[in-house]
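User: I am new to reading protein models. Can you walk me through this one, feature by feature?

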Amino acid sequence: RLLPVEPGIRTLLMGFPDVIAASVTVSEVIASGHVPAALEMMDQRMTIAVENWLRAGLPVDAGAVLLAEVTGEEEGVVSQADVIASIARANGATSIEIAEDPEHRALLWKGRKSAFGAIAQLAPDYYLHDAVVPRTRLVETMKAVYEIGDRHGLTMLNVFHAGDGNL
């Protein structure tokens, strides 16, 4: 299906103290009735791996980052970006950055899209899990994922489409 190019785009990179704060933000953004064109999450281990490999400008001190993109008419895009940023602040965002130009936006997306290449720099083999999780269960799912990994001594890096329930 072909769609017209949207006239307005805002890409936000938000840092959080931990994955739970970022997960709560995802749930609250969707609950607010705003469904961004993209809402992606990376945990700190993944962000560090990407930065060590690519230098995309991701905040490696953040426990998790969200990359959100809204598209549409310019006025609506500005409003949606403001709502998302407000929700992020309310959930303890440590940084909020809006891509300044198309090149900056492309670099942020290159960081996200390079996640699996970054993992390959850490280990010759890795096991990828892809699951669908109801967005309303994201917080408890992420808590369980880290508890299981810790219990079994697994090194885990998480990157996923947080806004559509694909984890």
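Analyst: Start with how elements are named: helices and strands are DSSP runs, numbered from the N terminus. One case is H2, which is followed by Arg 55, with a positive phi near 60°. Keep in mind that this is a predicted model.

User: How many helices and strands does the protein have, and how do they run?

Analyst: The protein has six helices and five strands. Read from the N terminus, the order is β-α-β-α-β-α-β-α-α-α-β.

User: What does the radius of gyration say about the protein?

Analyst: Compare it with a rule for globules. For 167 residues, a compact globule would come near 15 Å; the protein has 16 Å, which agrees. Along the principal axes, the C-alpha atoms fill a box of roughly 50 × 35 × 30 Å.

User: What share of the residues is buried?

Analyst: Buried means under 20% relative accessible area. In the protein, 44% of the 167 residues are buried. The accessible surface is about 9100 Å², and carbon and sulfur atoms account for 54% of that.

User: Which residues of H2 are buried, and what do they pack against?

Analyst: Helix H2 covers residues 44–54, and its buried residues are Met 46, Thr 47, Ala 49, Val 50 and Glu 51. These pack against E2, E3, helix H4 (102–113), H5 and E5.

User: How do I look for empty space?

Analyst: Roll a probe the size of a water molecule over the atoms; it shows where empty space is left. Here the largest pocket holds about 770 Å³ of space.

User: Which residues line the largest pocket?

Analyst: There are 28 lining residues, and Tyr 127, Leu 128, His 129, Leu 157 and Asn 158 lie nearest the centre of the pocket. Helix H5 (115–122), helix H6 (138–151) and strand E5 (159–161) each give two or more residues to this lining. H6 has the largest share, with four residues. By class, the pocket lining has 18 nonpolar, seven polar and three charged residues.

User: How many cavities of 30 Å³ or more are there?

Analyst: The search of the whole structure finds one. The largest cavity holds about 40 Å³. Its lining is Leu 13, Glu 40, Met 41, Met 42, Val 65, Leu 66, Leu 67 and Arg 112. Strand E2 (38–43) and strand E3 (64–72) each give two or more of these residues.

User: What classes of residue line the largest cavity?

Analyst: Six are nonpolar, none is polar and two are charged.

Definitions and conventions: Residues numbered from 1 in each chain as written. Predicted model: local features only at pLDDT ≥ 70, side-chain atom pairs only at ≥ 80, totals over all residues. Heavy atoms only, no water. 1 Å grid on protein atoms, 1.4 Å probe; cavity = no way out; pocket = protein on both sides within 12 Å on 5 of 7 lines; lining within 4 Å. Points joined across faces, edges and corners; volume = space filled by probe spheres on them. Nonpolar A, V, L, I, M, F, W, Y, C, P; charged D, E, K, R; others polar. Buried < 20%, exposed > 50% of the residue type's maximum accessible area, 1.4 Å probe, protein only. Contact = heavy atoms within 4.5 Å. Rg over C-alpha atoms; globule rule 2.2 N^0.38 Å. Areas by Shrake-Rupley, 256 points an atom, 1.4 Å probe, with all protein chains shown as cover.
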